[in-house]
Amino acid sequence: MSPARSSSSQGMEENLKKAVIEMLVLLLLNQEDMHSVQITQALEERSDEAMNLSFPYALLYRLIESGHIREAYKKIAPDGRRRQYYQITEEGQQHLAALLTAYRRFSENMERLLEGGEESDGK
């Protein structure tokens, strides 16, 4: 299967997902400490499987490097595996607040534009 072109609706959806995934991971970690599997599962469950994180470690390591999250502690999972839990930092909470503000502003403006476009379509 070939990758979605950015000009297709599927390509646009993939680009939008990539743009918000960092914000969503920070949002989850702001609610509770999680390990990578929990993060991936929570994204899928809470988005009705619209969002997925195929390679969580690339994003997690990028967030660690930027100081937005940290490796907090390890626990043994029911399956016997040792799980690394991640925790949002104070800097990450500030970054999340800025991302949410920008996202909400952008979304509101897009909704306004779309509503205006729908009205003019009927004229």
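Before anything else, I wrote down what pairing takes: two strands pair if DSSP finds at least two bridges between them. I also noted that this is a predicted model.

**Entry: the sheet**

I started with histidine 35 and looked for its bridge partner in strand 3, which turned out to be tyrosine 85.

Strand 2 covers residues 69-76, runs antiparallel to strand 3, and is joined to strand 3 by 7 bridges. One of the facing pairs I looked up is isoleucine 76 with arginine 82 in strand 3.

The 3 strands make an open sheet, ordered 1-3-2, with antiparallel pairing. Strand 1 and strand 2 are the edge strands, since each of them pairs on one side only. A reminder to myself from class: strands of a sheet pair through backbone hydrogen bonds, either parallel or antiparallel.

**Entry: the turn**

Strand 2 and strand 3 form a hairpin, and I counted 5 residues between them. Glycine 80 sits in that turn and has a positive phi of about 90°.

**Entry: the salt bridges**

I searched the whole structure for salt bridges and got 2. The general idea I jotted down is that side chains of opposite charge can pair when their charged atoms come close.

Which residues does aspartate 79 pair with? One is arginine 81, with 3.9 Å from N to O. The cut-off is 4 Å, so I kept that one. Aspartate 79 also bridges to arginine 83, where the closest N and O atoms are 3.4 Å apart. That links Asp79, Arg81 and Arg83 in a network of salt bridges.

Arginine 81 has a relative accessible area of 52%, so I filed arginine 81 as exposed. Arginine 83 comes out at 15%, so arginine 83 goes down as buried.

**Entry: the rings**

I looked for aromatic pairs and the structure holds 2. The one I followed up is tyrosine 73 with tyrosine 85: the pair is stacked, 5.1 Å centre to centre, with 15° between the planes. Tyrosine 73 belongs to strand 2 and tyrosine 85 to strand 3, so this pair ties together parts that are 12 residues apart in sequence.

Tyrosine 73 is partly exposed at 32% relative accessibility, while tyrosine 85 is buried at 12%. I also spotted lysine 75 lying over the face of tyrosine 85, at 5.3 Å from the ring centre. I keep coming back to tyrosine 85, the bridge partner of histidine 35.

**Entry: a greasy patch**

Last, I looked at the surface. Which residues form the nonpolar patch there? I listed Phe106, Met110, Leu113 and Leu114, with about 400 Å² of accessible area together. Phenylalanine 106 lies in helix 4, which spans residues 90-121. With 48% relative accessibility, phenylalanine 106 counts as partly exposed; exposed would need over 50%.

How values were computed: Residues are numbered from 1 along each chain as its sequence is written. This is a predicted model: local features need pLDDT of at least 70, side-chain atom pairs count only at pLDDT 80 or more; totals for chains, interfaces and linings use all residues. Side-chain values use heavy atoms; hydrogens and water are left out. Patches are made of residues with over 30% relative accessible area and no salt bridge: like charges are joined within 9 Å, nonpolar side chains (Val, Leu, Ile, Met, Phe, Trp, Tyr) within 5 Å. Accessible areas come from the Shrake-Rupley method with a 1.4 Å probe; for residues, only the protein chains shown count as cover. A salt bridge is a side-chain nitrogen of Lys or Arg within 4 Å of a carboxyl oxygen of Asp or Glu. Helices (H or I, at least four residues) and strands (E, at least two) are DSSP runs, numbered from the N terminus. Buried means under 20% relative accessible area, exposed over 50%, partly exposed in between (1.4 Å probe, protein chains only). Rings of Phe, Tyr and Trp (its six-membered ring) pair if their centres lie within 6.5 Å; planes under 30 degrees apart count as stacked, over 60 as edge-to-face and the rest as tilted. A charge sits over a ring if NZ of Lys or CZ of Arg is within 6 Å of the ring centre and within 35 degrees of the ring normal.
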